[in-house]
Amino acid sequence: MADIRYKRRKLHYIYHQSFEGAPLAKGIALEKIGIEAKQPNSAIRKCVRVQLIKNCKKITAFVPRDGCLNFIDINDQVLIAGFGNKGRSKGDIPGVRFKVIKVSGVSLMSIYRGKKIKPRR
């Protein structure tokens, strides 16, 4: 009996998260925001508010690397992945559980390194 309750509780939780059990999700960038780091660190972490395409939920995603926020424009399509901490926030960024991987179908790292350019719509 306990097994059934455990399974039901875990499955219910997975499919009511914003990704609905998927490893990646696409969304539309709504706004650029800066989130203050938790104590004892002092910084403004660059993040993006994203509305997911699959279920219209709004989430906050971290933008990695210095200056990568400049490559993301409002209304760009972005690919989001988890932060790698089993669904919890990572490090000193409160409430941010996701990170940006691609912008307009091009890897954010390749744009940052100068190997590719972001396509114009």
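**Figure 1. Contacts and overall make-up of the protein.** Among contacts in the protein with a separation of 6 or more, 54% are between residues 24 or more positions apart; contact here means heavy atoms within 4.5 Å. This is a predicted model, where local features need pLDDT of at least 70, side-chain atom pairs count only at pLDDT 80 or more, and totals for chains, interfaces and linings use all residues. Residues are numbered from 1 along each chain as its sequence is written, and side-chain values use heavy atoms, with hydrogens and water left out. Helices (H or I, at least four residues) and strands (E, at least two) are DSSP runs, numbered from the N terminus. The C-alpha atoms fill a box of roughly 55 × 40 × 25 Å along the principal axes. Of the 121 residues, 30% are buried, meaning under 20% relative accessible area; exposed is over 50%, and partly exposed lies in between (1.4 Å probe, protein chains only).

**Figure 2. Strand 1 and its partners.** Two strands count as paired if DSSP finds at least two bridges between them. Strand 1 runs antiparallel to strand 2 over nine bridges, and Glu31 has Arg49 of strand 2 as its bridge partner. Strand 1 also pairs with strand 4 in the antiparallel sense, over five bridges. Here Leu24 sits opposite Ala81 of strand 4.

**Figure 3. Two aromatic pairs.** Searching the whole structure turns up two aromatic pairs. Rings of Phe, Tyr and Trp (its six-membered ring) pair if their centres lie within 6.5 Å; planes under 30 degrees apart count as stacked, over 60 as edge-to-face and the rest as tilted. Phe19 and Phe98 are stacked because their ring centres are 4.7 Å apart and their planes meet at 25 degrees. That pair links distant parts of the chain, 79 residues apart: Phe19 is in the loop between helix 1 (2-14) and strand 1 (24-36), and Phe98 is in strand 5 (residues 98-103). Phe19 is buried at 8% relative accessible area, and Phe98 is buried at 9%. Phe62 and Phe83 make a stacked pair too, with 5.6 Å from centre to centre and 25 degrees between the planes. They also bring together distant parts of the chain, 21 residues apart, with Phe62 in strand 3 (residues 58-62) and Phe83 in the loop between strand 4 (77-82) and strand 5. Both Phe62 and Phe83 are buried.

**Figure 4. The nonpolar cores.** A nonpolar core is a set of buried Ala, Val, Leu, Ile, Met, Phe, Trp, Tyr and Cys residues joined through side-chain atoms within 4.5 Å. The largest has 18 residues, and Val50, Val63, Ile72, Ile80 and Val100 have the most contacts inside it. Strand 1, strand 2 (44-52), strand 3, strand 4 and strand 5 each give two or more residues to this core. Leaving aside residues up to four places away in sequence, Val100 touches Ala61, Phe62, Val63, Pro64, Ile72, Val78, Leu79, Ile80 and Leu108. Apart from that core lies another of six residues, including Phe62, Phe83, Ile93 and Val96.

Figure 5. Look for Asp92 in the loop between strand 4 and strand 5. With 13% relative accessibility, Asp92 counts as buried. Its side chain makes a polar contact with the side chain of Arg45 (2.7 Å). A polar contact is a pair of N or O atoms within 3.5 Å; within protein, one must be able to donate a hydrogen and the other to accept it, and residues adjacent in sequence count only if both atoms are side-chain atoms. Not counting residues up to four places away in sequence, Asp92 touches Glu36, Ala37, Lys38, Asn41 and Arg45.

Figure 6. In the loop between strand 1 and strand 2 you'll find Pro40, joined to Gln39 by a cis peptide bond with omega about 0 degrees. Cys56, in the loop between strand 2 and strand 3, has a positive phi of about 65 degrees although it isn't a glycine. Cys56 is exposed, at 52% relative accessibility. Asn75, in the loop between strand 3 and strand 4, is another non-glycine residue with a positive phi, near 75 degrees. Asn75 counts as partly exposed, at 47% relative accessibility.
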